Amino acid sequence: MIDQQKLYSIWVYLQAEPLFWLTLTIGSYLTADYIYKKSNLFPLLNPVAISIFIISMILLSFNIQYERYFEGAKFIHFLLGPATVALAIPIYKKWDLIILNSKAIFISLFIGSFLAISTTYGLSIYFELPKELILSLIPRSVTTPIAMGISELIGGIPSLTAIITLITGVIGASLGTFVFDFMKLKKMEARGFSMGLTSHGIGIARAMSKDKNAGVFAAVGMGLSGLITSIIVPLFIKFIF
Amino acid sequence: MLNSIFIIFLFQLIGELTQKFLELNIPGPVIGLILLLTVLLLSKKYELKIIQNLKFNIIISAENFVKYIPLFFLPVGVGVVMHLSFLEDNLVKVLLIIVTGTLVTLALTALLMEKLLQKNIKND
């Protein structure tokens with residue numbers, strides 16, 4: 001006979017410790033990654049999207065507060081910082097290639113970052129969104145911490161920007177390949193750069209899994225667009241509002 | 001292994017401190033990335049022995065780290081799903097803006113770059 005009381009106390013214990021949430025997070029990722037690899041890297045089966053879906057469904061069906069989950073999973077979240085620093089290595093290894101193409105990189109960087117900002121602004125005006133939401137939307141293409149910083153600076157809501165930024169990352173990483181194939185773009189460096197510029201870290205992950213040069217150019221795209229966007233946006237806002 | 005984890009953490013720490021001291025808009029880890037890259041490039045140029053010896057180790061660990069970036073996004077990503085209600089009635093409009101804006105930017109940036117890149121890039 002299973003003792004109900006005992007089962008309940010074990011469940012209480014599991015919820016309070018990081019071990020369960022860490023195992024769940026890594027397990028969901030491995031499952032999603034397995035599906036992604038089995039599907040021959042089919043972009044719509046993006047491992048980030050699939051594992052977020054798995055974990056969210058579990059949390060929702062057991063009625064678990066997100067804060068409780070994050071309390072345990074934050075140790076994985078912490079590694080995002082060191083992983084960003086570690087991007088220096090692939091960039092370092094392809095440095096000559098980057099210097100060789102620096103002109104292409106800079107022109108695409110300026111045009112691309114401007115496009116990301118202006119399309120978002122234009123469409124938000126068209127949909128007559130409230131000003132606070134527009135300001136939270138504008139920095140959505142760059143890496144989450146930069147996007148949140150910009151949002152705060154210009155009067156948006158940083159947590160809302162975090163949500164929008166992550167959605168942008170998943171959408172770009174899942175749909176980018178179809179767009180590039182449809183346009184018959186062949187150069188992996190161009191595809192990667194555009195992916196990193198528009199969809200930050202999640203775009204880099206997708207590019208890295210496809211091709212090494214694409215991954216490096218994606219990392220360069222994310223880094224540079226982050227820098228340039230944090231300069232352009234405050235100026236753009238002053239000019240507009 | 002421990003050496004290189006230390007170096008990566010150290011550069012992030014320096015990056016975070018730089019960000020706090022200079023009150024920059026750039027996140028600490030991105031500053032750490034730029035600093036580590038600079039040190040690596042300088043060590044190559046001036047053939048600094050200490051860093052050269054460490055470099056092999058750093059490269060191996062760093063590439064393992066980078067491989068798992070998608071995993072590190074999950075804790076925040078789950079928060080997005082749990083907080084979608086923040087967007088209230090604007091959810092559909094916001095999604096439309098994100099999809100359209102992202103697709104246009106992706107397409108035009110890649111197209112422009114493909115035209116501008118040097119012709120024969122070799123992949124390894």
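At what angle do helix α3 of chain A and helix α4 of chain B pack, and how far apart are their axes? The model is predicted, so local features need pLDDT of at least 70 and side-chain atom pairs count only at pLDDT 80 or more, whereas totals for chains, interfaces and linings use all residues. Residues are numbered from 1 along each chain as its sequence is written, chains are lettered from A and ligands numbered from 1 in the order in which they are written, and side-chain values use heavy atoms, with hydrogens and water left out.

**Helix packing between the chains**

Helix α3 of chain A (residues 47-61) packs on helix α4 of chain B (residues 69-82) at about 50 degrees, and their axes are 9 Å apart. That angle makes α3(A) oblique to α4(B). Helices here are DSSP runs of H or I with at least four residues, and strands are runs of E with at least two, numbered from the N terminus. Axes are lines fitted to C-alpha atoms, for helices over the stretch in contact, and angles run from 0 to 180 degrees between N-to-C directions. Angles under 35 degrees count as roughly parallel, over 145 as roughly antiparallel, 65 to 115 as roughly perpendicular, and the rest as oblique.

The crossing of α3(A) and α4(B) is right-handed; a crossing is right-handed if the near helix is turned clockwise from the far one by less than a right angle, and left-handed if anticlockwise. Residues of α3(A) in the contact (heavy atoms within 4.5 Å) include V48(A), I52(A), I55(A) and L59(A). On the α4(B) side, L74(B), V78(B) and M82(B) are among them. By class this contact has 10 nonpolar, 3 polar and no charged residues. Ala, Val, Leu, Ile, Met, Phe, Trp, Tyr, Cys and Pro count as nonpolar, Asp, Glu, Lys and Arg as charged, and the others, Gly among them, as polar.

Helix α4 of chain A (residues 66-78) also packs on α4(B). An angle of about 160 degrees separates their directions, and that makes α4(A) roughly antiparallel to α4(B). This crossing is left-handed. The contact includes Y69(A), F70(A) and A73(A) from α4(A), with F72(B), V76(B) and G79(B) among the residues of α4(B).

Within chain A, α2(A) and α3(A) cross at roughly 135 degrees, which makes α2(A) oblique to α3(A). Their crossing is right-handed. W21(A), Y29(A) and D33(A) are among the α2(A) residues in this contact, and I50(A), I54(A) and I58(A) are among those of α3(A).

| α4(A) and α4(B) | about 160 degrees | 8 Å | 11 nonpolar, 2 polar, no charged |

A salt bridge is a side-chain nitrogen of Lys or Arg within 4 Å of a carboxyl oxygen of Asp or Glu. Both residues lie in α2(A) (residues 18-38), 4 residues apart, about one turn of the helix. Over all chains the count is 3 salt bridges.

**Chains and domains**

Chain A has 13 helices and 0 strands. Its C-alpha atoms fill a box of roughly 70 × 40 × 30 Å along the principal axes. Chain A is divided into domain 1 (4-78) and domain 2 (85-240), with bounds from an automatic or database domain assignment. The C-alpha centres of these two domains lie 27 Å apart, and their contact takes 8 residues from domain 1 and 10 residues from domain 2.

Chain B is assigned domain 1 (1-67) and domain 2 (75-124). The centres of these chain B domains, taken over C-alpha atoms, are separated by 28 Å.
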